[in-house]
Amino acid sequence: MINIDVAVAVIHFGDQYLLGFRNAKQHQGNRYEFVGGKIEANETAKQALVREVFEEIGLDIAKQSVINPLGVLRHHYAEIEVPSKSKTVCLHVFRVALSESQFTEFAHHNEGCEGQQLQWVSCEDLINNKYPLPDANKTILQWLKLPNIIAITQEVGAIKASQNNTDLNEQSKAKGYSAHRPEQQWLDYYQQTLPEQACVYIRLKQSNLAQRKDLVLALLAIRPDIKLIIDYELANFLDSDTNAAMADQIIAQHLTQQAYLDTEFKLLSDLPVTVSAHSEASVLQANKLAQYRLNHNLSPVVGIFISPVQATNTHPEATPLGWEGFASLAQDSEIPVIALGGMAPANIGQVRYYQGDKVAGIGKFLT
Ligand SMILES: Nc1nc2c([nH]c(=O)n2[C@@H]2O[C@H](COP(=O)(O)OP(=O)(O)OP(=O)(O)O)[C@@H](O)[C@H]2O)c(=O)[nH]1
């Protein structure tokens, strides 16, 4: 059996992603691919990445580009006819964001150094599977599907009446909520303050399942543009009970650190998974969960919230990791890392510099 480590470069400039085309004779041939190749002995994954990109397309990403890890995934390619050719690849996947000048210089290239076809494609087409890729890449596409900016809700009781515009939404009123109920205030507040097309993690630890269900369905009804991450218990509860349009808006189920240390990975809903972690032990446990789900063909773990990066008003008791502490946990993660704690959307550049990939937060993520 063959085992190989491969460095994979998800090269992009904004919404445009670069794909190569594997020739028919190659493993997983006649499919598109991200630029990359085998990691040689005595080389780190990142060194191999820089070398492979230069060899394959002549671009020096050590200069100007921002490189951050997305994740690591192991995939077994079984060759039924010639079992000795079966191989397990371990893909070390990096996001490579080109600078504007690199993109301007490179955008017109449609052929790589080895004569392979190159093509820029939109993120939407890529994640919607318009370009056939090697089988292992389906998880990378799921990683990319999770938005880069994620808002997190506050508890119902934390939304004060004074924060609200008292103009009640007619649809919410029809649901029977009165203007004075905290649930209605919560709904009004998020109806008005969530940015358009926002991705929102509904964190409601103090509401019971029935209350969470009512709030999520009411929010989806008044904000059909948003996408939600909900807790895994609610995901199971809603699975059989949600109409298709609303189900499309729910993109992931979340497991807290405590839940995945305890539950031995039992998840009923087949939604992709996000997790939270605050320590090295939980990052390593999350990696195990991610690999377990890959091995068993279960929906993948697509993001890990690592917190608190900095001090926050919402969790004054927690000791912040600081950027270096965050980077050290992020380096251990085999799942795209979401920075949380004292963050604003504008911190995304800094997050990527410190090995994370996405950014999440509460107050500064609202309009
Ligand atoms: N470059 C690249 N390889 C990938 C991707 N996804 C994926 O599963 N792989 C696998 O990772 C391995 C990459 O090896 P490679 O490109 O260096 O080598 P190869 O098998 O194509 O040919 P070679 O042995 O002649 O170099 C292949 O088995 C390929 O199927 C991807 O997006 N990009």
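Start by selecting β5 (66–77), α4 (138–145) and α11 (280–295): each of them supplies at least two residues of the lining of the largest cavity. Helices (H or I, at least four residues) and strands (E, at least two) are DSSP runs here, numbered from the N terminus. Before you go on, note that this is a predicted model, where local features need pLDDT of at least 70 and side-chain atom pairs count only at pLDDT 80 or more, while totals for chains, interfaces and linings use all residues. Residues are numbered from 1 along each chain as its sequence is written, and side-chain values use heavy atoms, with hydrogens and water left out.

Which element gives the most to that lining? It's α11, with 4 residues. Now show the whole lining: Val 72, Leu 73, Thr 139, Trp 143, Asn 287, Ala 290, Gln 291, Leu 294, Pro 300, Val 301, Glu 334 and Ile 335. A cavity is a set of points on a 1 Å grid over the protein atoms alone where a 1.4 Å probe fits but cannot get out, and lining residues have an atom within 4 Å of a point. The largest cavity holds about 80 Å³ of space, and a search of the whole structure turns up 1 cavity of 30 Å³ or more. Volume means the space filled by probe spheres set on the points, with grid points joined across faces, edges and corners. Colour the lining by class and you get 8 nonpolar, 3 polar and 1 charged residues; Ala, Val, Leu, Ile, Met, Phe, Trp, Tyr, Cys and Pro count as nonpolar, Asp, Glu, Lys and Arg as charged, and the others, Gly among them, as polar.

Next stop, the ligand. Its shell has 18 residues, the closest being Arg 22, His 27, Lys 38, Tyr 77 and Asn 137 (a shell residue has a heavy atom within 4 Å of the ligand). β1 (2–13), β4 (35–38) and β6 (87–97) each put at least two residues into this shell. For polar contacts (pairs of N or O atoms within 3.5 Å), begin with the side chain of Arg 22, which has an N or O atom 2.2 Å from a ligand oxygen. An N or O atom in the side chain of Lys 38 lies 2.6 Å from an oxygen of the ligand, and a polar backbone atom of Phe 34 is 2.7 Å from a ligand nitrogen.

Ser 307 and Pro 308 are joined by a cis peptide bond, omega about -10°; Pro 308 sits in the loop between β13 (301–306) and α12 (322–332). Then jump to Gln 64, a residue other than glycine with a positive phi, near 70°, in the loop between α1 (45–57) and β5.

Key:
A polar contact is a pair of N or O atoms within 3.5 Å; within protein, one must be able to donate a hydrogen and the other to accept it, and residues adjacent in sequence count only if both atoms are side-chain atoms. On a 1 Å grid over the protein atoms alone, a cavity is a set of points where a 1.4 Å probe fits but cannot get out, and a pocket is an open set with protein on both sides within 12 Å along at least five of seven lines; lining residues have an atom within 4 Å of a point.
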